[in-house]
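Open the model in your viewer and keep the sequence panel beside it. This tour tells you what to select at each stop and what is there.

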Amino acid sequence: MNDRTEWIEEPVEMAPQGPAFDVLGMLRRRKWLILVGLVAGLALGYLYFSQQRPVYESSAQVHVVKKATPDLPIGGIRASGSYDTTLSDQPILIKSRLVLDRAVQEGDLSSLASFRNSPTPADAVHSGLSAEAYGNVLRLRFQGPNAEDCATVVNAVIDTYVSFLGDTHQNVGKETVQLITEAKDELLKQLSEKEDHYRTFRQESPLLWKDGQGTNIHRTRLAQIEAARSSLLLKQSQVRADLQAIEAALARGDNRAALMLMVGKTEDKEAKEAAFASSEPSAARTIEQDLFPLRLEEEALLERYGPDHPRVIAVRKKMELTRNFHRSRASAAAKAPQSASPAEPVDFLAVYVQSLREQLEVYDEQMAEMNDLFAQEQSDAKALTVHEVQEITFQKEIERTQRLFDAVVQRLEEINLVKDYGGYNVQVLAPPNVGAKVAPSLPKTMAVAGALGLLAGCLLALLVDMADKTFYSPEDIERYLGEPIVGHIPLIATKKLRRTHEQLAPILIAAHRPRSQLAESFRAVRTALYFSTHGAGHKVIQITSPTPSDGKTTLAGNLAVSIAQSGRSVIVVDADARRPQIHKLFSLSRDVGLTSVINGEADLDEAIQSTALENLSVLACGPNPSNPSELLTSPRLKEVLDVLRERFDFVLVDTPPMLAVTDPGVVAPRVDGVLLTLRIKKNVRVNAVRSIEMLSSLGANVLGAVVNGVGGVGRYGYGEYRYGAYRYGYNRYGYGYGGQGYGEYYTEESAEEPSANGASRTDVNRPLSNGSPRPR
């Protein structure tokens, strides 16, 4: 049992959800608007049907087969013995302007009644004609205002289509041959022009031609010079190695005889001659060494500039001077007298070393000459690269054009072989008949119009429902307020109320008719209050409403009676200092009450009054103060509530409406919980939501909402409860003093309540105190 109680009391945090739209509820509430939209749509649909011209349709089926191509060994021609089933492009062909213009002209369609007033009959035929392909079968349909003309149009289109296919096949064959022949001639012309350009290029190009290919002579010379440089570099390496070895041995002081032996076994022929000959080199060998670089330079210059160029002449002069120099040296050596004295011994090893050094110097000079010559030839070779690239480009272009020309010639020969094959075989499977009426269709028109009217009615109902600010179901209240509904109070028929206790007002149903459904609804609120306050310290409960006449005082009185009947002590505190009503429900005096206690004019015990019911006490309002809001803000109010909390099981505080005055907002933070009473009436949703927002901003603990005036007795639900339009403002609500008092409106709270002399006020037709009729 304890576990069950703890589970009920445990707060469950729910994720906040926005109000969801009740589609089914909207449809039920606005069914007449939807029905009006449906009827209007049907009426407009019938009007549209009656004003439409009849439309007739005629159709035909045509079997189209493409002729097979014979099996021929021709490249690019598909050989197949089966039919071509691809007719996806034929519907487009049939509806083309080329076919339709011929059909109008050949079939004299412009004279038909359907096209007599049309400036462009071909466009009219195109708009009414449709063609669909199903494998090898084409289905043609035409819709028009005349039944006989429809069949005529379909026949004309079929005849023109068949004629067009035959003419097109023949024309295509001729045109294809003509186009390919023109292409062949054009390619032949291009090939001749390119060959002429290539020949001109070869005549003007500095390249050397061998076997039809251009050669860059400078690249050949570069290869020769590079080979000579490699050989000379190898000789340099060998001579330098020998020289370094001998010098290193002499520096170490090795045996000279051994070195001479080594020199004698050397494989370098030139070194041997230098070591064992005289210190001067032979004339023939020296001339050849000096003339070799000059000869290479002469050949290069001759190839580039010709024999009469100044640079060639300069090189030849160097060669001649070199020859003369060597001749003069040879003559001087021959004429020199022989020395009479015996020759001094010659240091052959020193001579050999000296010859190696001179040999290295000669090699260095030759290498420098070859490097210069290589650089010159390399520059000349790069200059001829452009001509080489042009020569390759010419060859590739000629080759491509030649291949294309050969392919075109081959295709022309193939087409000449198969030009008599191909085409289409066309056969009419189902000829067109006189057109049958297809539009307008009354069932289709009415169905579409009804659907559109129904949609318009639903949209209108949606707009009206979205503009309506009335609650229509408990779910609406919970969605918009975000608070639970703790009770539903049915509509009270005040004319049927009967008094069973002289001291209690007839509106206290829980006391007069405890076994009625109305009394049970108040006990349901009591039960919900017990569960919400059990173990949570919710003993002081404020009862208020968004606007006047919502039944808050009736709820407070009957709820107090229900709590007292359950055996718990309860006191009702009338905090409505502007229009006190609690004392009237229990036939008590309000000479001393809450205002008297707060002002210090009386003690709390003197102000508390007992009632005719056991366990139920009342703290009346007391005399009307001049400043109700300021009075309720006094700390004395909290002290009074704290004392009452200790002395009673429940304290019910009746306060004015939330949107009428500020008094409820003053009391709300000082109580344990707030019950908001609502009455189903026009625009109540805006007032209720605003009241909840005000209570939330004050930090009040809202226990839930009690819906008053639900349907009728014996029926659960929210009916059409018609009330006048309420607006915010003190005068509209009747809150104030004097002739604009709060009680000027008739509600069930004032029905049959005792007057000052004890008489009941049950005459709803009796005018107000100011002489004006009562609002209904």
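## Start at a charged pair

Select aspartate 642, which is partly exposed at 28% relative accessibility. Partly exposed lies between buried, under 20% relative accessible area, and exposed, over 50%, with a 1.4 Å probe and protein chains only. This is a predicted model: local features need pLDDT of at least 70, side-chain atom pairs count only at pLDDT 80 or more, and totals for chains, interfaces and linings use all residues. Residues are numbered from 1 along each chain as its sequence is written, and side-chain values use heavy atoms, leaving out hydrogens and water.

A salt bridge here is a side-chain nitrogen of Lys or Arg within 4 Å of a carboxyl oxygen of Asp or Glu. Lysine 638 is partly exposed too, at 46% relative accessibility. Both residues sit in helix H24 (residues 635-647), four residues apart, so about one helical turn separates them. Helices (H or I, at least four residues) and strands (E, at least two) are DSSP runs, numbered from the N terminus.

Together with Lys638 and Asp642 they are linked in a network of salt bridges.

## More salt bridges

How many salt bridges are there by this rule? The count comes to 18. Side chains of opposite charge can pair when their charged atoms come close.

Go to glutamate 320 and arginine 323. Their closest N and O atoms are 3.7 Å apart in a salt bridge. Both lie in helix H12 (residues 310-335), three residues apart, about one turn of the helix. Glutamate 320 is partly exposed at 38%. Arginine 323 is partly exposed at 24%.

Next, select aspartate 576 and lysine 552. They form a salt bridge, with the closest N and O atoms 3.5 Å apart. Aspartate 576 lies in the loop between strand E10 (570-574) and helix H20 (582-585), and lysine 552 in helix H19, so the pair ties together parts that are 24 residues apart in sequence. Is this pair buried or exposed? Aspartate 576 is buried at 1% relative accessibility. Lysine 552 is buried at 2%.

## Loop stops

Center on serine 549, in the loop between strand E9 (540-544) and helix H19 (552-565). Its phi is near 65 degrees, a positive value in a residue other than glycine. Serine 549 is buried at 7% relative accessibility.

Jump to asparagine 615, in the loop between strand E11 (608-610) and strand E12 (616-619). Phi of asparagine 615 is positive as well, near 70 degrees. This residue is partly exposed at 29%.

Then find proline 440, in the loop between strand E7 (436-439) and helix H15 (442-467). The peptide bond from alanine 439 to proline 440 is cis, with omega near -5 degrees.

Valine 434 lies in the loop between strand E6 (424-430) and E7. Valine 434 is exposed, at 54% relative accessible area. Which residues does valine 434 touch, not counting those up to four places away in sequence? They are Ala147, Glu148 and Ala151. Contact means heavy atoms within 4.5 Å.

## Surface patches

Switch to a surface view. Select Val448, Leu452, Leu455 and Leu459, a nonpolar surface patch with about 390 Å² of accessible area together. Accessible areas come from the Shrake-Rupley method with a 1.4 Å probe. Patch residues have over 30% relative accessible area and no salt bridge; like charges are joined within 9 Å, and nonpolar side chains (Val, Leu, Ile, Met, Phe, Trp, Tyr) within 5 Å. Leucine 452 lies in helix H15 and is exposed at 54%.

Now select Asp290, Glu358, Glu361, Asp364, Glu365, Glu369 and Asp372, which form a negative surface patch. Helix H13 (residues 348-383) gives the most to this patch, with six residues. Glutamate 361 lies in that helix. Glutamate 361 is exposed at 51%.

## Zoom out

Show the whole chain. There are 27 helices and 15 strands. Buried residues make up 40% of the 776 residues. Among contacts with a separation of 6 or more, 79% join residues 24 or more positions apart. The accessible surface comes to about 42800 Å², of which 54% belongs to carbon and sulfur atoms.

Methods
Lys and Arg count as positive and Asp and Glu as negative; His and the chain ends are not counted. The place of a charge is taken as NZ of Lys, CZ of Arg, CG of Asp or CD of Glu.
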